[in-house]
Amino acid sequence: MAKTKNFKTIFPAISVPMNDDDSINEPEFRTYLRWLKTFYDDGIQGVVTNGHTGEITALTREERKRVTQIAAEELGDKMTIISGVSSESTRGAIETARDAKDAGADGILLMPPHMWLRFGMSPRSPFEFVKDVAEGADIDIILHLYPAYTKATYSQEQLVEMLTNISHVKGVKMGTRVQSVYEEQVRTIRKAAPNAALLTCHDETICDSLFPNMDGAILGFAGCIPELITKAFKTYRNGTCKELHDIDDKIFPVERAIYRGGQPSGEAHARLKQVLVERGVFTNDHMRKPVLPITNDSKQIISKGVKDSGLTKVDMSKF
């Protein structure tokens, strides 16, 4: 039976294990993916490759395609594969999106050109950019919404226009990070585009971010503590506020160890990879420069956070 693509699920934004010489540790990567696949029935029915957690900006074009290809080989029979696309030009985004499609991706997570972060953009630029990529690559798209206080964010009017007028646009990674704006955007989009997949990406405040009734998530955090993230979603949907608070208490120590009260960053992604080492999932926390190795003090904080959250070692020999 043919796989059904599902955009309304929890998508771990997966890390990529690396060797000390900067090469990708493909055998360990495959084992990691097979571990995540065991959470399919708990609500993880897709993955995102080449997200910021997956060090997209540090990978070559060929490596991005290879990472997606490996994920499709290991998971693509049942899980929805989304590949991040980041480019400073429309042509480059189309080419990278085609690479993702050729590698087996079911869709892309389309980031805005990062020059907009510095210089801003004209009001029509986002629609034209997304439309051109959708038509040029003929692939489904999840929009990557950047924080509301940046010049590269999309207004709710722009989001609604893209969701309702570009058929390939299936949802939004809601990275608003301003709670009042976030809730208004979610409610507005729900009315205008009720079928759109609205996905939280607020790793640092995951349980708080569920309350506008999100359809799923794209979280680097889900790739290192999948058992707690899936439990949070189940509790939000079927439990009580007190029970959700109890889950949040379990998440909080490791969340603070990784994110330190702020949103994800390059250093946070390195700390997240160290959590995977602490749990026995990865053997190495190596990141490519310019991200520097985390300090021994940070490693001790992470070790304590993992312990205080009640997280255990994973027996990767099973996978």
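**Notebook: cavities in the model**

I began with helix 6, which gives the most to the lining of the second largest cavity, with three residues. A reminder to myself: this is a predicted model.

Next I looked up who else sits around that second largest cavity. Its lining is made of Pro123, Arg124, Pro126, Phe127, Gln158, Glu161 and Met162. Helix 5 (125–137) and helix 6 (156–165) each supply at least two residues of that lining. I sorted the lining by type and got four nonpolar residues, one polar and two charged. The volume of this second largest cavity comes out at about 30 Å³.

How many cavities of 30 Å³ or more are there? I got two with the rule I used.

Then I moved on to the largest cavity, which has a volume of about 60 Å³. Around the largest cavity I found Asn50, Arg61, Arg64, Lys65, Thr68, Ser83, Gly84, Val85, Thr96, Asp99 and Ala100. Helix 2 (61–75), strand 3 (80–85) and helix 3 (90–103) are the elements that give two or more residues to this lining.

Which element gives the most to the lining of the largest cavity? I noted helix 2, with four residues.

Last, I sorted the lining of the largest cavity by type. I wrote down two nonpolar, five polar and four charged residues.

A note on the idea behind the search: a probe the size of a water molecule is rolled over the atoms, and that shows where empty space is left.

Conventions: Residues numbered from 1 in each chain as written. Predicted model: local features only at pLDDT ≥ 70, side-chain atom pairs only at ≥ 80, totals over all residues. Heavy atoms only, no water. 1 Å grid on protein atoms, 1.4 Å probe; cavity = no way out; pocket = protein on both sides within 12 Å on 5 of 7 lines; lining within 4 Å. Points joined across faces, edges and corners; volume = space filled by probe spheres on them. Nonpolar A, V, L, I, M, F, W, Y, C, P; charged D, E, K, R; others polar.
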